[in-house]
Amino acid sequence: MIKLSSMSLGCMAMLGLLLASPAHAQSAKNKSPDPTTPRIPPLEQSQWTEAQAKELAPFKDGAMMFGTKLKAYNVLGTLAQHEAARQKFNVWSNHVMGDTNTLPPREREILILRIGWLCQAEYEWGQHAVIGKGVGLTDEEIARIKLGAEAPGWSAHDALLIRAADELRKDAMISDATWNALAKTYTTQQMMDVVFTVGQYNLVSMALKSFGVQLDEGVKGF
Amino acid sequence: MKLSKPRIPPLPESQWSAEQRPGFEAAKKGKSAISNAVVFNVMGTLGNHPIAAKKFNVWAFHVMGDTSTIGAREREILILRIGWLCEAEYEWAQHAVIGRACGLSDAEIERIKKGPDAPGWSEHDALLLRAADELHKDACISDATWNGLAKTYNTQQLMDVVFAVGQYNLVSMVLNSFGVQLDEGLKGF
């Protein structure tokens, strides 16, 4: 009896996992697995310029970024392989993650975690689970982001954010229903920042996965 | 077009700031830094969020400017392919003009819609199209495509492939969701 119920619990957990897997991941049986070693490794310390050393070194052990102490050397060091790109990227990236983004940080992190999950970008998930917790998401909410907008427990507004990310990944467009509902409470600039945030972290997911950026030490993945 | 009218219309002239005016006037006349086509509808729409637009442009001009390390023709193949996959007609129309100016023939631009397996591509061009397809579908370039490109591309060029596709996937999301309409004189798909 006990054995049976634990078996059915196991089945339910497996079903949950299947349901939680994004459609893209399920349909991608033929694709090669994500790189487990970097294709582009972080820049060697011996190659840092003075300016890079100042910016990069603190993130090896953890430094304050976006209001949270983060170990993020593997991504920052990888981007440093293309310094001119990194500098310009940071300007835009600091709009999305900084105080010119008009979305509340908790809502921004729901969007980022959802697009990171849909893209199966484990590095993004690992970092933004930490950042999300720092801006008010609970462990339970972070786990529930994997289950999507229909999972019980979301406010109508949170569910709309998740749906916006899903639609942008699938159709590169927010549907009328989701747009109109979000626009009931969001200003024009907030509507724009929803798309900017998802688009930026879709790009970041592509970079992390294609460059093979590995989790920093001590950062938990999915 | 996915939408027949804008959800977010371009900023009306009466609301342009002094800082925005020169860029918007150039965009209306087809005299912007990136194109000789009229590009006002996208720039004017982004102008509704001036501080975001300002920071966005810094990064956008990496991808479209001279710090990107891939050839302009190759960049435009990537941009047109991701615009096609995202059904972003505005992006397609603008970059068909830019692509032609960078050396793509009309036949090549048309063939981008058919994808990497259409007859006529060089091996390298087909790899670029495949990279865009894989990033669109899996958010990751496969080993085969990566290793194929890495035979001729250096580290920065490989990074710029991903940046170009990622950036124009973002731009497609923006154009489609905000409902940016074709500027006068532009031809869609």
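Let's start with confidence. Chain B has a mean pLDDT of 97, and 100% of its residues reach 70 or more. Keep in mind that this is a predicted model. For the complex, the predictor gives an ipTM of 0.98 and a pTM of 0.92.

Now the contact between the chains. Chain A puts in 42 residues, and chain B puts in 40 residues. On the chain A side, two elements give two or more residues each: helix 6, residues 83-96, and helix 12, residues 188-211. Which of them gives the most? Helix 12 of chain A does, with 17 residues. By type, that side of chain A splits into 22 nonpolar, 14 polar and 6 charged residues.

Next, chain A itself. Chain A holds 12 helices and 2 strands. Along the sequence, the order runs α-α-α-α-β-β-α-α-α-α-α-α-α-α. Of its 222 residues, 42% are buried. Take the contacts in chain A between residues at least 6 apart in sequence: 68% of them join residues at least 24 apart.

On to the core. The largest nonpolar core has 112 residues. Those that touch the most other members are Ala165(A), Leu168(A), Val198(A), Leu78(B), Ala132(B), Ala164(B) and Val165(B). Helix 9 of chain B, residues 155-178, gives the most to this core, with 14 residues. Both domain 1 and domain 2 of chain B supply at least three residues each.

Pick one of those residues, Val198(A). What does Val198(A) contact, once neighbours within four places in sequence are left aside? In chain A, the list is Leu111(A), Ile115(A), Ala164(A), Ala165(A) and Leu168(A). From chain B, there is Met173(B).

Now the layout of chain B. Chain B divides into domain 1, residues 14-65, and domain 2, residues 72-177. Their C-alpha centres lie 23 Å apart. Between them, 7 residues of domain 1 are in contact with 8 residues of domain 2. The domain 1 side of that contact has 6 nonpolar residues, 1 polar and no charged.

Let me stop at helix 4 of chain B, residues 72-85. First, a geometry check. It has 14 residues, and at 1.5 Å a residue these should span 20 Å. The end C-alpha atoms are 20 Å apart, so the two agree.

Is helix 4 of chain B largely enclosed or largely open? Here 12 of its 14 residues are buried, so the helix is largely enclosed by the rest of the structure. The buried set includes charged side chains by name: Glu74(B), Arg75(B), Glu76(B) and Arg81(B). Also in that set are Ile77(B), Leu78(B) and Trp84(B), among others. What covers these buried residues? The cover includes helix 5 (89-101), helix 6 (106-112), helix 7 (123-138) and helix 9 of chain B. Just after helix 4, Glu87(B) takes a positive phi of about 55 degrees.

Last stop, Asn74(A). Asn74(A) sits in helix 5 of chain A, residues 73-79. Why call Asn74(A) buried? There are 24 other C-beta atoms within 10 Å, and the cut-off is 20 or more, so Asn74(A) counts as buried. Leaving out residues up to four places away in sequence, Asn74(A) touches Pro42(A), Val213(A), Gln214(A) and Asp216(A). Phe59(A) is 15 residues from Asn74(A) along the chain, and their C-alpha atoms are separated by 8.7 Å.

Definitions and conventions
Residues numbered from 1 in each chain as written. Chains lettered and ligands numbered in written order. Predicted model: local features only at pLDDT ≥ 70, side-chain atom pairs only at ≥ 80, totals over all residues. Contact = placed C-beta atoms within 7 Å. Helix = DSSP H or I, 4+ residues; strand = E, 2+ residues; numbered from the N terminus. pLDDT = per-residue confidence, 0-100. Core = buried A, V, L, I, M, F, W, Y, C linked by C-beta atoms within 7 Å. Domains from an automatic or database assignment. Expected span 1.5 Å × (residues − 1).
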